[in-house]
Amino acid sequence: MKVTLSWLREFAPDIDGDPVDLGETLSALGLAVEEMELTGTVTDGVVLAKVLDLRPHPDADKIQLVDVDTGDGEALQVCCGAFNMSVGDLIPFATIGTVMPNGMEIAQREMRGEMSNGMCCSGAEIGFGDDHDGILVLNDRVVEGAALGAPLAEALGIVPDVSWDLEVNANRPDAMSVAGVARDLAAALGVPFTFPDYEAPRGAENAADLISVDILDPSLCGRFIATVLRDVRVGSSPAWMQNRLTALGMRPINSIVDISNYVMLELGQPNHTYDLGLVPGGALRVRRAFDGETITTLDGVERTLVAADGVIADRDDRAIGLAGVMGGADTEISDSTTDVLLEMAWWDPPSVSRTVKRLNLPSEASTRFRRGADWGENMVRSLARFVQLAAEQGVVAVSGQVDERGIVPDRTPIRVRPTKINGLLGTALTPDAIGAHLTSIGFGAEPDGEDLSVTIPTWRWDTETETDVAEEVARMYGYENIIRTVPRGSAAGGLSDYQRSRRLVREVLIGAGCDETLPMPFLAPGDLRSAGLAEDGVTLANPLVAEESILRTSLLPGQLKAIAYNQSHRNEDVRFFEIDHVFLPAPEELLPDEREHLAVALAGEEAPAAVAVLRLLEEALALPNLRLRPTAAPGLHPTRTAEVIVAGRSRGHVGEVDPTVLENHGVRGRVAWLELDLGEVLGGPHGNRKYTPVSKYPSSDVDLAFEVPDSVSAAEVDGALRKAGGSLLREVELFDVYRGDGLPDGVRSLAYRLRFQAPDHTLTDDEIAAARQACIDAATTRYEATLRG
């Protein structure tokens, strides 16, 4: 990425200093300067000349004779190997005696019997980019009133400047623009940074009446802004714009394309233009491609697409552009174009990256989309800048724009701990200092107790975590200011909180009479279907055997095989548990979603037994606000299954295995089942573990049976009893469920055993009666339950 000092100063006018020192500051910010160049100082002796005549060399096929006028009105003959000039063209001309940048001195030479009195120059020969193909034609680049024979810098209006070629890493999408570099440099120098006001008059027509945008896949396109430009005349862009594009390594093409590239380089927002007359009804549809769909891109190549590619289609659903990669030839701007549909969009970076890699079609625009462009205010700003530049060339933009939204990254503020930042960096920065460094580059930072609540700006797609924020603080504080220290190693053999909690889970389950099993994570084709699960497991490309070619998505198949094996050996009512990984399909990623799960399988037991194990884990781990919500889950009994909710979030299922699934595996009797996403459960939140002395006073058991509608779950009644029983209620056990004679349809009987006990005295009959009545009232009032006699 190249930037020039003059362009940076349009955003931060107070940037000043020695160019070498400024380059070192840029490098310290993580934008390593690969090359610095003083520009605008065209080689002395290179002047503006005009082609008067072209004729073949009499003795050489690959050389022609060119007559040029260098300002004295006389024809000066030159031998030239390029053939891209025409009579009347303005070109750069190196006069005799000129020393070129490569050290070659121009002298009068005889070439095959003809004298050459100077040299017609290409852009690369005089430092105007890397274009060696042909002579640089300057017809539309000279300033008004430039005279033949004038020094080239004067004729082109070029002023002395400084150019830096920066190495921008993939995690710095914001630095892929002049404005982004200026923001960092201004913050490092402590000078103001602002965006200029991009205002331009608009026409009376409204964009919404002329065009429409329909985002069919919101995961592909987070935002799409469009408007219409009228009275477009495709020609040459102004000399100053061409000079700037050239300085940043881009070849000027025409007025519209140059504005597009200029806005992308200046503000980092790639954009695309369509010939509005070639877009039926002005309607655009954003969607994924169909497998085998074809499109001819702007380079004239017909490309076959796959379903992962993103496309922009017209009203007739015909693909007219590759999302974030390249436009289609069918709507290309031409010399006859008068009305233009202008697009500013934000595309999902992984989607663009996959298409670019598959088609081998990299570009400046796709590079910015792949790294993560800005989906916020900068899109509107870039559209306004495009309109302003176009208006300077007589183009009229209609009023307003169409602004459609899809899914964009979450920008909920994240908690940043100064202690964590200082621990990572080896610094002693205060919260105020950290906040100042972040706000200087556009982050939001508000005090949150001893910590900071940091809002990541929309132009930093790469920044997500506290560690990412620490890197930004380090850049702005200056790596050179961090004292070098040798990190102290952590003590060997220590366990993390997660590892300690996982060991506690094992201890609890072993204490509950369960044995740990470790089945293989590989399944045979059809195993998932036999277990009542979706057949969407990841298939291994190189399995050892075909019977072990599928990665499991649940621990259920392995546990059922273990139970069936034991029952075949007359070991009937086994109690197993397993802690291991499952592999869920992840269509948007290259690797499967690997998670650690816990499964408990109790052969010969019903659902309440699995709930009892869950309650043991709830108490041991201090799980907050654990609730059971009746649901249906693949592979489990349709009416004896509940979703496990911890702190308002789903963490697994508890209940019984579906009888059909048991029959598929040859398992006899019922199997109580519990499966939890252990990583999510142990990752928190957790409550506080409460330890109370064991009461030495006797307990009293009370049995209550309620007639309850089928729509009310046993777990809901259980929760009401626990809440109503208060501190005296020690245990609640569901010991009987009855349906049949004596009960109306849609009603069942649930019998609970409640154990009451006080920590400091023997309960009186009145206390037990009051607690019993409170439980009865809670169940009958809240759930329309009826106490059975």
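## Terms and model

Angles between axes under 35 degrees count as roughly parallel, over 145 as roughly antiparallel, 65 to 115 as roughly perpendicular and the rest as oblique. Axes are lines fitted to C-alpha atoms, for helices over the stretch in contact, and angles run from 0 to 180 degrees between N-to-C directions. Helices (H or I, at least four residues) and strands (E, at least two) are DSSP runs, numbered from the N terminus.

This is a predicted model: local features need pLDDT of at least 70, side-chain atom pairs count only at pLDDT 80 or more, and totals for chains, interfaces and linings use all residues. Residues are numbered from 1 along each chain as its sequence is written, and side-chain values use heavy atoms, with hydrogens and water left out.

## Two helix pairs

Two packed helices are described by the angle between their axes and the distance between the axes. Take helix α5 (residues 239-247) and helix α6 (residues 255-267). They pack at an angle of about 55°, and their axes are 10 Å apart. The two helices α5 and α6 are therefore oblique to each other. Their crossing is left-handed, a term for a near helix turned anticlockwise from the far one by less than a right angle (clockwise is right-handed). Contact means heavy atoms within 4.5 Å. On the α5 side, Trp240, Met241, Gln242, Arg244 and Leu245 meet Asp258, Ile259, Asn261, Tyr262 and Leu265 of α6.

The second pair is helix α7 (residues 349-359) and helix α8 (residues 364-371). Their axes come within 7 Å and cross at roughly 140°. So α7 and α8 are also oblique to each other. The contact is made by Pro349, Val352, Ser353, Val356 and Lys357 of α7, with Ser366, Phe369 and Arg370 of α8. The crossing of α7 and α8 is left-handed.

Two strands pair if DSSP finds at least two bridges between them. An open sheet of 5 strands has the order β5-β4-β3-β6-β9, with antiparallel pairing. Its edge strands are β5 (76-80) and β9 (119-120), and each pairs on one side only.

Inside this order, strand β3 (residues 46-57) and strand β4 (residues 60-69) run antiparallel and are joined by 7 bridges. Pro56 has Gln64 in β4 as its bridge partner.

## The buried strand β13

Buried means under 20% relative accessible area, exposed over 50%, and partly exposed in between (1.4 Å probe, protein chains only). In strand β13 (residues 221-230), 10 of the 10 residues are buried, so the strand is largely enclosed by the rest of the structure.

Which strands pair with β13? Strand β21 (residues 340-347) runs antiparallel to β13, with 8 bridges. There, Arg223 stands opposite Trp346. Strand β23 (residues 402-405) is joined to β13 by 4 bridges, also antiparallel. Phe224 has Glu404 in β23 as its bridge partner. Strand β22 (residues 396-399) pairs with β13 in the antiparallel sense over 2 bridges. Leu229 faces Ala397 in β22.

## Helix α9

Gln388 lies in helix α9 (residues 377-391). Gln388 is buried, with a relative accessible area of 15%. Leu383 is buried, at 1%.

What do these residues touch? Residues up to four places away in sequence are not counted. Gln388 touches Asp197, Tyr198, Glu199 and Ala200. Leu383 is in contact with Arg202, Ile225, Thr227, Leu342, Met344 and Gln401. Leu383 and Ala319 are 64 residues apart in sequence and 24 Å apart in space, C-alpha to C-alpha.

## Helix α11

Helix α11 (residues 431-439) has Ile434, Gly435, His437 and Leu438 as its buried residues. They cover an arc of only 160° around the axis, which puts them on the same side of α11. The arc is that of the directions from the helix axis to the C-beta atoms. The cover over these residues includes α10 (418-425), β25 (444-448), β26 (451-455) and α12 (466-477).

Another open sheet has 7 strands in the order β27-β30-β31-β35-β34-β33-β32, with mixed pairing. The edge strands are β27 (515-516) and β32 (626-630), each pairing on one side only. Strand β34 (residues 649-657) and strand β35 (residues 671-677) run antiparallel, joined by 5 bridges. Gly652 has Leu676 in β35 as its bridge partner.

Helix α13 (residues 497-511) packs on this sheet, touching β27, β30 (575-584) and β31 (593-603). Its direction makes about 145° with that of β30. Helix α15 (residues 556-568) lies across β30, β31, β34 and β35, and runs at about 150° to β30.
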